[in-house]
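The coordinates are shown first, and the comments follow.

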Amino acid sequence: MGYPDKNHAVLNPGRRIFLKAAAGAAATIAMGGFARHGFAEAPAPLKLPPLPYGESALEPLISARTISFHYGKHHKGYLDNLNRLIAGTEMARMSLEKIMSVSAGKPEKVAIFNNAAQTWNHDFYWRSLRPGGGGEPPAVLSKIIKASFGSLDACRKELADAAVTQFGSGWAWLVLDGAKVKVVKTANADNPMTRGLKPLVTIDVWEHAYYLDYQNRRADYVTAVIGKLLNWEFAAGNLAGR
Ligand code: FE
């Protein structure tokens, strides 16, 4: 299982992972450069990317308390686990996506894959939301959504249904599959890239994403995210390969 190298630059346009150099100096590796240079030799440990907004920016729909725990404890926890698991191994010098690609589907590396994918998924989730989001996608994305689902409302409904019906922990995604936009859901840490699909936007439906604010009402959280927080510009940027 895996995905071709050429996809990595496409999947994460403009993405930057901040890496702490062994000597202590900060270095920034542009993920989009892999198509030109192959996978970079990246000094460990991987560093937690900053939130794209303040912890209270999504209130009242997602509280600062939720973001504080979700980003500062859960997301950071996955990254810390990953760095601990790969310390001293050849993976310690790989990019996050390379670690995902070489550990996916390998039972002996499941802990590494889970923590790497959860690190990637959370960074993608933060950027899938924005204050004042929701509404209408940019025209280029709206056109392909309408061609794929029949209408924007049908797309929203299918995404909401996937997010609400994912049994247990997981993620709902809009992905590009060839020339069509599709909805998929994944369990636990899994990521559509392992199926050769290109993520456009995601919704975290692990309970830690909403329980402090919505308790058992996952559907209310999903409605708030899709209607008022979803970052369609981020999705359109991924579609365009930026
Ligand atoms: Fe989460």
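Predicted model: local features only at pLDDT ≥ 70, side-chain atom pairs only at ≥ 80, totals over all residues.

1. The covering of helix H9 (residues 218–229) is taken up first. What covers the buried residues of H9 includes helix H7 (152–165), strand E5 (198–204) and H8. Helices (H or I, at least four residues) and strands (E, at least two) are DSSP runs, numbered from the N terminus. A residue is termed buried if 20 or more other C-beta atoms lie within 10 Å of its own, exposed if 12 or fewer, and partly exposed in between, with C-beta atoms placed from the backbone.

2. Residues are numbered from 1 along each chain as its sequence is written.

3. The buried residues of H9 are Tyr221, Val222, Val225, Ile226 and Leu229. Seen down the helix axis, these fall within an arc of 125° (taken over the directions from the axis to the C-beta atoms), so they line one face of H9.

4. Aspartate 220 also lies in H9. Aspartate 220 counts as partly exposed because 15 other C-beta atoms lie within 10 Å. Between aspartate 220 and tyrosine 210, ten residues apart in sequence, the C-alpha to C-alpha distance is 9.4 Å.

5. Helix H3 (residues 64–86) comprises 23 residues and reaches 31 Å from its first C-alpha to its last, close to the expected 33 Å; the expected span is 1.5 Å times one less than the number of residues. H3 has a kink of about 30° centred on lysine 76, where the bend is the angle between axes fitted to the seven residues ending at a residue and the seven starting there. Glycine 88, which follows H3, has a positive phi near 80°.

6. Among the buried residues of H3 are His70, His75, Tyr78 and Leu82. The buried residues of this helix pack against helix H4 (96–103), helix H5 (110–128) and helix H8 (211–214).

7. Strands E3 (residues 170–177) and E4 (residues 180–187) pair in the antiparallel sense over eight bridges; pairing requires at least two bridges found by DSSP. Leucine 176 has valine 181 of E4 as its bridge partner. Two residues separate the strands of this hairpin, and glycine 178 takes a positive phi near 70° there.

8. For the protein chain overall, there are ten helices and five strands. Of its 242 residues, 40% count as buried. Among contacts between residues at least 6 apart in sequence, 66% join residues at least 24 apart.

Technical notes. Contact = placed C-beta atoms within 7 Å.
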